[in-house]
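Here's a quick briefing on one model, starting with a loop residue and moving out to the sheet and its helices. Have a look at the structure first.

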Amino acid sequence: MEKNNLFSFATSELSQDAFICWFLSWADLKYADTEPDLYYAAKAMISDLCDVEGLVIESVRVKRQKFKVDVLVFVNEKHIILIEDKTKSSEHSNQLIKYLDVVTVEYSKYVIHPIYLKTGEQSD
């Protein structure tokens with residue numbers, strides 16, 4: 001059975017990054033009344049990515065390509081979700097460790113939640 005995949009149309013990592021940034025930014029409290037469905041869906045995703053029980057999300061700030069990291073999501077100015085995403089390529093040259101090290105030094109007062117997101121063809 002053929003699957004319909006958004007990323008067959010948005011084939012570059014930059015397209016994927018833009019979607020991730022756009023979607024997760026909806027979890028900011030200021031959007032609660034604007035588009036409630038998107039707000040609650042984005043909040044649920046951030047809660048899942050942070051894996052922190054009872055996390056109350058009040059503010060979300062999203063940065064793309066900071067320190068060469070695909071997406072950084074600042075939650076309540078206490079948590080950072082570091083997302084490195086791949087479409088056709090895979091992790092190489094210890095980039096995940098390097099990115100985590102840079103973000104950990106720069107934002108030492110934050111709890112950092114590193115995420116490796118791979119869409120498309122999965123490798124072994």
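**Asn76 and its surroundings**

Leaving out residues up to four places away in sequence, asparagine 76 touches Leu55, Val56, Ile57, Glu58 and Ser59 (contact means heavy atoms within 4.5 Å). Keep in mind that this is a predicted model, where local features need pLDDT of at least 70, side-chain atom pairs count only at pLDDT 80 or more, and totals for chains, interfaces and linings use all residues. Residues are numbered from 1 along each chain as its sequence is written, and side-chain values use heavy atoms, with hydrogens and water left out.

- Asparagine 76 sits in the loop between S2 and S3 (strands are DSSP E runs of at least two residues, helices H or I runs of at least four, numbered from the N terminus).
- Its side chain reaches the backbone nitrogen of glutamate 58 at 2.7 Å.

**The sheet**

- Four strands form an open sheet in the order S1-S2-S3-S4, with mixed pairing (two strands pair if DSSP finds at least two bridges between them).
- S1 (60-66) and S4 (111-118) are the edge strands, each with a single partner, so one side of each has no neighbour in the sheet.
- S2 (residues 69-75) and S3 (residues 79-86) run antiparallel, joined by 5 bridges.
- Leucine 72 stands opposite leucine 82 in S3.

**Helices on the sheet**

- Helix H2 (residues 36-50) packs on the sheet and touches S1, S2, S3 and S4, its direction making about 95 degrees with that of S3 (axes are lines fitted to C-alpha atoms, for helices over the stretch in contact, with angles from 0 to 180 degrees between N-to-C directions).
- Helix H3 (residues 95-106) lies across S2, S3 and S4, at about 155 degrees to S3.

Notes:
A polar contact is a pair of N or O atoms within 3.5 Å; within protein, one must be able to donate a hydrogen and the other to accept it, and residues adjacent in sequence count only if both atoms are side-chain atoms.
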